[in-house]
Amino acid sequence: MANRPALHAEIVGWGKYVPSKVLTNEDLAKSVDTSDEWIKSRTGIAERHIADPKEASSHLATKAARAAIAVADINPRQIDLVIVATVTPDYLFPSVACQVQDALGIPNAAAFDLNAGCTGFIYALSVASRLIAAGAHKLALVIGAETLSRVLDWQDRTTCVLFGDGAGAVLLQASEAPAGLLGCTLGADGSGADLLQLPAGGSRRPACEDTVKNRQHYLKMNGPEVYRFAVDAMVRASRAVIEQTGVLMDDVELVIPHQANVRIIQSAVKALKLPPEKVFTNLARYGNTSAASVPIALCEAVEQGLVKQGDHVVLVGFGAGLTWGAALVQWGAPLPVKLPFWKLALYHAVRPLALARSTSHRAALRARTIISRVDLNGHKP
Ligand code: ACO
């Protein structure tokens with residue numbers, strides 16, 4: 001068999017979307033017993049974005065994906081893999097990824113969701129990069145998207161102040177240049193499942209009157225226990241990925257941690273002996289957006305000019321499962337990206353085309369169903 005050159009998965013597009021509605025700490029203090037001072041001093045969060053009642057995770061994911069596709073300046077029809085990391089899918093099934101595939105009008109893509117809590121995006125980045133490196137796919141859309149506001153108990157001050165909604169996306173393209181994921185470490189410890197979970201609505205406790213009455217369709221968390229786990233997991237995962245790749249921590253230009261709590265980030269930064277200016281945070285404006293937090297932060301860091309071509313960037317996170325993970329990425333794409341106005345307009349024009357494609361496919365499916373019913377009836381004994 002002929003040797004093929006080693007393939008890498010280079011990040012060629014990035015984008016984010018957060019809903020326009022902003023909920024400040026002061027707003028929250030009007031409905032639960034909390035204060036701006038408590039939330040800021042214990043978490044670093046000042047405000048978060050909340051999805052409109054008509055918006056679900058797939059809508060946020062699609063908007064972030066469109067932004068990433070515009071930056072990459074590619075035809076979305078070339079995308080052959082869509083992975084959405086989420087713990088708040090629109091439905092238990094079908095997946096958010098299939099809805100994104102349909103909304104973007106991508107005809108020939110494999111599409112699936114991945115649930116690894118807040119570590120989901122790092123897991124998805126690893127899976128997609130490795131599928132590209134194996135030659136199985138060429139252009140992958142990797143998204144983290146959440147509407148956590150839908151599963152928060154707005155009467156529980158210990159959780160409702162922490163989370164927000166949003167989505168971030170990257171496009172990975174097969175490349176022979178050594179860029180993209182240089183190394184990745186992923187881990188899980190299911191014995192910590194009860195520390196952070198949504199107890200009902202799955203196969204173990206299907207929705208019923210009791211689950212609703214007992215507020216079991218809301219996120220439950222043991223905050224202090226998750227806190228202790230989080231610091232240790234971030235430190236261990238960051239060290240492991242650095243050791244794996246042989247790149248020195250001093251040669252890492254930027255660390256992008258999961259944005260859950262600024263105190264968790266500061267403790268991990270201290271243990272890793274990192275200069276604070278090398279660590280990106282934006283949780284003051286978004287809160288914890290779970291699987292969307294790392295790609296939203298990556299996107300903002302790039303937009304703010306904090307990443308240059310050739311830079312080494314560590315992405316690190318932890319989450320429900322319990323799970324953890326860290327990835328070391330070498331940035332390949334030249335920056336900054338300036339898209340001409342007419343190209344942006346063109347990407348928006350693709351939207352009605354995708355909608356027309358989806359509508360005609362749905363109509364064709366219905367027509368086939370009706371025809372087969374008529375056919376079956378016609379052959380009834
Ligand atoms: N406003 C005012 N008081 C509050 C609030 C609030 N919003 N929330 C809790 N308190 C009170 C508690 O009731 C408690 O009062 P008490 O001493 O009278 O009992 C006191 O504040 C201290 O509570 P703790 O829980 O000990 O506060 P702590 O300093 O640990 O902060 C927090 C709580 C912010 C939740 C912290 O533990 C944390 O960040 N944990 C990690 C959470 C996390 O990262 N989750 C994301 C996981 S990723 C995923 O997959 C979704």
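This report walks through a predicted model, from its sheet to its ligand shell.

## Ground rules

Residues are numbered from 1 along each chain as its sequence is written. Because the model is predicted, local features need pLDDT of at least 70 and side-chain atom pairs count only at pLDDT 80 or more, while totals for chains, interfaces and linings use all residues.

## The sheet

Let's start with the strands. There are 5 in an open sheet, ordered S1-S7-S6-S4-S5, with mixed pairing. Strand S1 (8-17) and strand S5 (110-114) sit at the edges with a single partner strand each, so one side of each has no neighbour in the sheet. On average, neighbouring strands here are turned by 20° against each other, direction ignored. Two strands pair if DSSP finds at least two bridges between them. Helices (H or I, at least four residues) and strands (E, at least two) are DSSP runs, numbered from the N terminus.

Now zoom in on one pair: strand S4 (residues 81-85) and strand S6 (residues 139-147) run in the parallel sense over 5 bridges. Ile-83 stands opposite Val-142 in S6.

## Helices across the sheet

Helix H4 (residues 96-104) lies across S4, S5 and S6, at about 130° to S4. Helix H11 (residues 293-303) lies across S1, S6 and strand S7 (165-175), at about 95° to S1. For these angles, axes are lines fitted to C-alpha atoms, for helices over the stretch in contact, and angles run from 0 to 180 degrees between N-to-C directions. Contact means C-beta atoms, placed from the backbone, within 7 Å.

Ala-124 belongs to helix H5 (residues 120-133). It counts as buried because it has 28 C-beta neighbours inside 10 Å (buried takes 20 or more other C-beta atoms within 10 Å, exposed 12 or fewer, partly exposed in between, with C-beta atoms placed from the backbone). Leaving out residues up to four places away in sequence, Ala-124 touches Ile-83, Ala-85, Leu-114 and Val-142.

H8 has 23 residues. Its buried residues include Val-226, Ala-230, Ala-233 and Ala-237. An α-helix has 3.6 residues a turn, so residues three or four places apart point the same way.

Of the 24 residues in the shell, Thr-34, Gly-117, Gly-223, Ala-260 and Gly-319 come nearest (near means a C-beta atom, placed from the backbone, within 6 Å of a molecule or strand).

Definitions and conventions:
Contact = placed C-beta atoms within 7 Å. Expected span 1.5 Å × (residues − 1).
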